[in-house]
Amino acid sequence: QQQQQQQQSFYKTDVVFFGDSVPRHRFDIAYAAVDAADGILCIGTSLAVHSAYRLAKRALDKGTEVAILNVGETRIESEGLDSSTGLVTKIESP
């Protein structure tokens, strides 16, 4: 009986998949890391996903420099945060 229940139960790894919510305790850890950082490097992301965007925006709000290595425009750029803060360096990758 117990073995049958275990086989029918759903097991989810400790990974956040696209579209899932990031657990609050993980964001607390990420926010603490951003707050302690001298700079943030965003590689290969448009920052369209709110989870990544809010970390970069938090850095900018705290006056921390953000460097972005990406192909194409990012959400930071489309919202004008790159020019309004003077804290963003964009490297356009071919």
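Me: OK, buried means under 20% relative accessible area, exposed means over 50%, and partly exposed is in between. Where does that put Arg75?

Reply: This is a predicted model, and in it Arg75 has 24% relative accessibility, so Arg75 counts as partly exposed.

Me: And what does the side chain of Arg75 meet?

Reply: The side chain of Glu79, in a salt bridge at 3.1 Å, N to O. Glu79 is partly exposed too, because its relative accessibility is 42%.

Me: How many salt bridges does the structure hold?

Reply: Six. One of them joins the side chains of Asp35 and Arg58, at 2.9 Å from N to O. That pair links distant parts of the chain, since Asp35 sits in helix α2 and Arg58 in helix α3, 23 residues apart.

Me: Buried, exposed or partly exposed: what are Asp35 and Arg58?

Reply: Asp35 has a relative accessible area of 36%, so it's partly exposed. Arg58 is at 26%, so partly exposed goes for that one as well.

Me: What does Lys90 pair with?

Reply: With Glu77, through a salt bridge between the side chains at 3.1 Å, N to O. This pair also bridges distant parts of the chain: Lys90 is in strand β3 (residues 88-92) and Glu77 is in helix α4 (residues 75-78), 13 residues apart.

Me: Is Glu77 buried or exposed?

Reply: Buried, because its relative accessible area is 18% and the cut-off for buried is under 20%.

Me: Which residues are linked in a network of salt bridges?

Reply: Glu77, Lys90 and Glu92.

Me: New topic. What's the overall layout, how many helices and strands?

Reply: Five helices and three strands. Starting at the N terminus, the order is α-α-β-α-β-α-α-β.

Me: Let's look at α2. How many residues does it have, and how far does it reach?

Reply: Helix α2 covers residues 24-36, which is 13 residues. From first C-alpha to last it reaches 18 Å, close to the 18 Å expected at 1.5 Å a residue.

Me: Which residues of α2 are buried?

Reply: Phe27, Tyr31 and Val34. They lie on the same side of α2, because they cover an arc of only 60 degrees around the axis. Over on the other side, Ile29 and Ala36 are exposed.

Me: What covers the buried ones?

Reply: The cover includes β1 (39-43) and α3 (50-61).

Me: How many residues are in the largest nonpolar core?

Reply: It has 14 residues. Those with the most contacts inside it are Ile40, Cys42, Leu47, Leu60, Val66, Ile68 and Ile76. β1, α3 and β2 (65-70) each bring at least two residues to this core, and the largest share, four residues, is from α3.

Me: What does Leu47 touch, leaving out residues up to four places away in sequence?

Reply: Cys42, Ala52, Tyr53, Ala56, Ile68, Thr74, Arg75 and Ile76. So Arg75, partly exposed at 24%, shows up again, this time as a contact of Leu47.

Me: Last one: how much of the protein do buried residues make up?

Reply: They're 21% of the 94 residues.

Technical notes: Residues are numbered from 1 along each chain as its sequence is written. This is a predicted model: local features need pLDDT of at least 70, side-chain atom pairs count only at pLDDT 80 or more; totals for chains, interfaces and linings use all residues. Side-chain values use heavy atoms; hydrogens and water are left out. The expected span of a helix is 1.5 Å times one less than its number of residues. Buried means under 20% relative accessible area, exposed over 50%, partly exposed in between (1.4 Å probe, protein chains only). The arc is that of the directions from the helix axis to the C-beta atoms. Contact means heavy atoms within 4.5 Å. A salt bridge is a side-chain nitrogen of Lys or Arg within 4 Å of a carboxyl oxygen of Asp or Glu. A nonpolar core is a set of buried Ala, Val, Leu, Ile, Met, Phe, Trp, Tyr and Cys residues joined through side-chain atoms within 4.5 Å.
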